[in-house]
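Reader: Could you take one spot in this model and walk me through it slowly? I'd like to know what sits around it, and then how that compares with a few other places in the chain.

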Amino acid sequence: MPLIVFPTSQLLWVRVVALLFTCVAFSVAAHGGSLYGGNADWCIFCWAFSFTCTLLVLLVEQFGLQARIPVSWSNFPITVACYATLLCLSASVMFPVFFLKDQRLSKDVRDHRIASTVFSCLAAVAYMGEVSLSKARPGEVAGYMATAPGLLKVCQTFTACIIFILISDPVSYDRHTALKWCMAVYCICFILSMAVVVLCVGECTGCLPIPFSKFLSAYGLLAVIMYLTATIIWPMFQFEKQYRGTESPKVIAAAVLTALNFLLYLADLAYTARLVFVSG
């Protein structure tokens with residue numbers, strides 16, 4: 001009777017560990033954490049989404065089904081790992097802040113929540129390890145998402161999603177036309193960055209009417225200019241009438257994340273220019 005032997009590697013074991021950690025995190029939280037509210041749903045989603053996608057990657061690779069999956073397998077796994085890293089990191093920060101800090105809990109519930117927090121942190125570390133093992137090395141031929149610009153695209157879209165959440169509840173961008181421009185900047189750059197991710201994962205970069213490298217360079221320059229304006233305008237108009245210490249924490253966080261995304265786009269442009277003009 002023939003035996004099925006699964007090839008093992010360091011990357012495989014890192015994925016298995018991440019799978020187990022996310023499974024424990026959401027299982028323990030759902031079973032004995034006594035959770036409720038949107039923040040709890042977000043944390044559970046982060047762990048469950050990461051677990052599901054990692055399980056899919058493991059099954060496809062172990063059974064050799066890459067050719068039957070309609071995505072670029074040189075781009076899909078590392079994209080999943082990068083998003084999972086950010087999701088688990090966000091859950092690792094939010095979960096203890098909202099469900100452990102200043103909470104009067106029974107010992108059993110508190111232990112469950114502490115366990116979920118610990119395993120969420122471990123899962124984030126495991127996914128960081130997967131990204132480190134999967135990213136492109138100097139001189140190595142790899143998918144775009146395995147390069148620094150590709151990983152930065154993931155960070156840009158994730159940061160934009162957090163900004164959307166912060167400024168939409170309550171709505172804080174409708175008091176001035178300049179703030180609406182900032183919202184337009186977030187939306188346009190998010191859509192274009194996500195389009196790049198989808199085109200790369202779906203192997204559709206050849207569908208563009210211009211060379212992909214030129215599109216990346218033009219879009220990168222445009223995004224840097226647009227985010228520079230948002231980085232200046234958002235705090236200027238948000239804090240103008242609230243300068244005496246009454247600023248909303250969400251508005252301040254949005255200003256910080258706007259500046260962070262500006263730096264991510266600036267780094268992306270620098271890497272893209274290096275890949276296109278220096279390597280080319």
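Author: Setting aside neighbours within four places in sequence, Q238 is in contact with S172, R175, L179 and V251. Keep in mind that this is a predicted model. Q238 belongs to helix α7, which covers residues 212-238. Is Q238 buried or exposed? Its relative accessible area is 2%, and the cut-off for buried is under 20%, so Q238 counts as buried.

Two of those contacts can be looked at atom by atom. A polar atom of the Q238 side chain lies 2.4 Å from the backbone oxygen of S172. The side chain of Q238 also makes a polar contact with the side chain of R175, at 2.3 Å.

Now for some charged side chains elsewhere. The structure holds 4 salt bridges. In one of them, the side chains of R15 and E61 meet at 2.6 Å, N to O. R15 has a relative accessibility of 4%, so it counts as buried, whereas E61, at 28%, counts as partly exposed.

R15 has another partner too: its side chain meets that of E130 in a salt bridge of 2.9 Å, N to O. This pair also links distant parts of the chain, E130 being in helix α4 (residues 107-134) and R15 in helix α1, 115 residues apart. Both E130 and R15 are buried. Put together, R15, E61 and E130 are linked in a network of salt bridges.

D111 and K107 meet through their side chains at 3.0 Å, N to O, and they sit 4 residues apart, about one turn of the helix. Here D111 is partly exposed, at 36% relative accessible area, while K107 is exposed, at 64%.

Back on helix α1 (residues 10-32), you'll find V16. At 23% relative accessibility, V16 counts as partly exposed. V16 and T54 are 38 residues apart in sequence, yet their C-alpha atoms are 8.2 Å apart in space.

One last stop, at the surface: L55, L59, F63 and L65 form a nonpolar patch there, with about 330 Å² of accessible area together. One of them, L59, is in helix α2 (residues 38-62) and is partly exposed, with a relative accessible area of 42%.

Conventions: Residues numbered from 1 in each chain as written. Predicted model: local features only at pLDDT ≥ 70, side-chain atom pairs only at ≥ 80, totals over all residues. Heavy atoms only, no water. Patch = residues over 30% accessible without salt bridge, like charges linked within 9 Å, V, L, I, M, F, W, Y side chains within 5 Å. Areas by Shrake-Rupley, 256 points an atom, 1.4 Å probe, with all protein chains shown as cover. Helix = DSSP H or I, 4+ residues; strand = E, 2+ residues; numbered from the N terminus. Buried < 20%, exposed > 50% of the residue type's maximum accessible area, 1.4 Å probe, protein only. Polar contact = N/O pair within 3.5 Å; in protein donor to acceptor, adjacent residues only side chain to side chain. Contact = heavy atoms within 4.5 Å.
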